[in-house]
Amino acid sequence: METTLYIKNMVCDRCIKVVREELSKLGYMTSKVSLGEVVINSSDSPDLTAIRNVLLQNGFDLVDDKNSKLIENIKILVIHKIHHQSSELEKFSFSKYLSNEIGMNYSQLSSIFSSAEGITIEKFIIKQKIERVKELLTYDELTLSEIAYKLGYSSVQHLSNQFRQVTGLKPTFFKKLKENRRKPLDHLG
């Protein structure tokens, strides 16, 4: 018997590894572990309380209702596109991308997301982009102009303005900080 579980805060390959290992320690075989989703093979129904407890200890949680699953899916798609794909985002439409991937009208997605999260999908995307900018500035391998292009900003000025609105700092000042103030992806929201 296969049971599919949806898991909140799985945002990277390390998360997949941790969830796979923790479920294995509980005695569960998994046929699929991906961002936000796990398929467990078990002859019995899995002990959701034990699974939830071990997930909570590692910064994750089970997603129970339909809207929560939808919101988690939106977050995973946005995070994956911004943080894990190397393609540039120039002229990229997140609204079309999310609608196509999820199979729902973007205005419906936006309404559900905003009512549950207290921010719009657009603001969530901006927060993710700014976190990616921080990461790229920390690596010091790309110019601000290259970063702006890579993340789909119309200009360096547009990136700088958004960066300052979110962080209170200019990108050049942030780059000079000894302790960069990056946040874990699962704490952005």
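## Overall layout

The protein chain has nine helices and four strands, both taken as DSSP runs numbered from the N terminus (helices H or I, at least four residues; strands E, at least two). Go along the sequence and the order is β-α-β-β-α-β-α-α-α-α-α-α-α.

This is a predicted model, where local features need pLDDT of at least 70 and side-chain atom pairs count only at pLDDT 80 or more, while totals for chains, interfaces and linings use all residues. Residues are numbered from 1 along each chain as its sequence is written, and side-chain values use heavy atoms, with hydrogens and water left out.

Of the chain's 189 residues, 41% are buried (under 20% relative accessible area, 1.4 Å probe, protein chains only).

## Where α3 meets α5

Helix α3 (residues 66-84) and helix α5 (residues 106-117) have axes that come within 10 Å and cross at roughly 100°; the axes are lines fitted to C-alpha atoms over the stretch in contact, with angles from 0 to 180 degrees between N-to-C directions. So α3 is roughly perpendicular to α5 (65 to 115 degrees).

On the α3 side, the contact uses N67, L70, I71, I74 and K75; α5 brings L109, I112, F113, A116 and E117. Sorted by class, that's seven nonpolar, one polar and two charged residues (nonpolar: Ala, Val, Leu, Ile, Met, Phe, Trp, Tyr, Cys and Pro; charged: Asp, Glu, Lys and Arg; polar: the others, Gly among them).

Conventions: Angles under 35 degrees count as roughly parallel, over 145 as roughly antiparallel, 65 to 115 as roughly perpendicular and the rest as oblique. Contact means heavy atoms within 4.5 Å. Buried means under 20% relative accessible area, exposed over 50%, partly exposed in between (1.4 Å probe, protein chains only).
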